[in-house]
Amino acid sequence: MDLHVYSVSELTREVKELIEGSFPPLWVEGEISNFVHHGSGHMYFSLKDSSAALRAVFFRQYNQALTFRPENGMKMMARGLLSVYEPSGQYQLMVSELRPAGVGALQLAFERLKARLAAEGLFDEARKRPLPQFPACVGIVTSPTGAAVRDIISVLERRCPSVRIVLAPARVQGEGAAAEIAAAVRAFGRWGGADVLIVGRGGGSAEDLWAFNEEAVARAIFDSPVPVISAVGHQTDFTIADFVADLRAPTPSAAAEYAVPVAAELEAGLVALGRRLVRAGSGPLSDAHQRLDELERALAPQRLRAALRACRDRHAALALRLQRAARHSLDLARVRWSGFQERLSALNPAAVLGRGYAMARTPEGRIVRDAATVEVGQRLSVLLARGSLDCRVEGVNPAGEDTLASKAG
C-alpha cells in the first residue's frame, strides 16, 4: 500500500484552496482583541466570542475609508474572505469592510467622527450659506422608491408648481449607500443647474441611517458648491450630514418647505405691493394736478386784465409819491441856498466897504491892519466903496483910543 505523505506546504496549500473555494465573502461578528495598526497602514487583530477566536487582517487600501479607529473590546461586524496564511498555517479573515455592531458601538463611531470633522471646521456656522429665496431648480438626492421622495415632490409641487425638480437616485441604506449619496451630491455640483439640494431619506433605525454618518457623505456635502438641506429621518434623528449641511430639516417634507416659497403668497404679496405703490404715488400726483389747475385759472384773460390794472394803479400812486417828495426836497434846497447867499454877501469886502469902511494898502499892495507898521510920511492908498485915495501919513497913533479893538473892548 502506497502512502501519500504531504509536505507541510502541500497540505497547507490544499487546505487554503479548500477554504477559499468553500466560503464566499461573509460577515463575522465578534469582539476585537490584539489590535495592531502597523506602520505600513495594515491592521491586524482577532475577532473573538466566548469560546473561539479568528485572526483577521485589514489591509490599508480597504481601511482608509474607516470613519472610526477600531479598539480592543469593540464589538464589530467584519466582511471578508476566509484564507490561510501559509507561513504560520493559520486561517484568517481578510477583511474588506468593518462596521460597529450594536447601537453602542455605532454611537461611539458617530461621536468620534463628529469630533474629528468639527475640529477640521466642517460644521462651522460661518461657512454655511443662505438658501436662495426664489430657486428655479431643486435637486434631490434620495431613494427613488421611498416615501421621502414622494413627500418632497408633493410639497414642492404644491408650494411652487413652476419649480424644476431633478432627482439623482441613490441607495440610502446598506452597503455602498454612502458612496452613491456622495457621488450624487458631487454630480449636482459638477452639473451646476440646481439652486439648492435636498439630501435625505425617511425614518429608520440607527443602522438604517448610518450612510448619512459616513465621512464620504459629509465631505461631499462640505465640498458642494450648491447649498444643501439635510433631511434624514425624523426630528429626533441627528446625523453627521445634518451638521455639515447648510440647513437641517427635521423631515423631508420640511426640507421641501424650506427650499421653495409659496408661489400663491408671493403673488398676493406682489399685488399688495402694487397697490401700496399706487397709493403712495397718488398723493403727490393729486397735489401737482391741483397746482396746475390754480396756474391755469391764474392765466385766464380776465384775471390777467385785473392784475394789469392793479399794477397800473400801484405805478401811478408810486409816481405821485415820488413827485411830492421831489418838490419837498427842492424847496428845502432853495431855502438852504438863500441862507448861503446871505452869509456870502455879508462876507464880501465890497459890502463891507459899502457900509463906510475903507482899506489902506502900502505902495507894495500890503494891507495895513496895524498903525504901528507904518511911519509918518509914508504914502498909502486908501480903497473906498467907490474909488480910492492916495494919502500920506501925517501922524501915527498905534495905541490910540480911536481903534476898532478899543471900541470892541
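When I say two residues are in contact, I mean that they have heavy atoms within 4.5 Å of each other. Keep in mind that this is a predicted model.

I will start with V155. V155 sits in helix α4, which covers residues 147–159. Is V155 buried or exposed? Its relative accessible area is 7%, and buried means under 20%, so V155 counts as buried. Setting aside neighbours within four places in sequence, V155 is in contact with S253, A256 and E257. Take A256 from that list. V155 and A256 lie 101 residues apart in sequence, yet their C-alpha atoms are 6.0 Å apart in space.

Now E375. E375 belongs to the loop between β11 (359–361) and β12 (379–383). E375 is exposed because its relative accessibility is 59%, and the cut-off for exposed is over 50%. Not counting residues up to four places away in sequence, E375 touches V393 and V396. E375 and G365 are 10 residues apart along the chain, with 16 Å between their C-alpha atoms.

Next, the nonpolar cores. How many residues does the largest one have? The largest nonpolar core has 58 residues. F45, L93, V95, L98, V141, I181 and I240 have the most contacts inside it. Helix α5, residues 177–191, supplies the largest share of this core, with seven residues. Apart from this core lies another, of 17 residues, including I140, V163, A255 and A259.

Last, V95, one of the residues with the most contacts inside the largest core. Leaving out neighbours within four places in sequence, V95 is in contact with F45, A56, V57, F58, F59, Y62, A78, R79 and G80.

Definitions and conventions. Residues numbered from 1 in each chain as written. Predicted model: local features only at pLDDT ≥ 70, side-chain atom pairs only at ≥ 80, totals over all residues. Heavy atoms only, no water. Helix = DSSP H or I, 4+ residues; strand = E, 2+ residues; numbered from the N terminus. Buried < 20%, exposed > 50% of the residue type's maximum accessible area, 1.4 Å probe, protein only. Core = buried A, V, L, I, M, F, W, Y, C linked by side-chain atoms within 4.5 Å.
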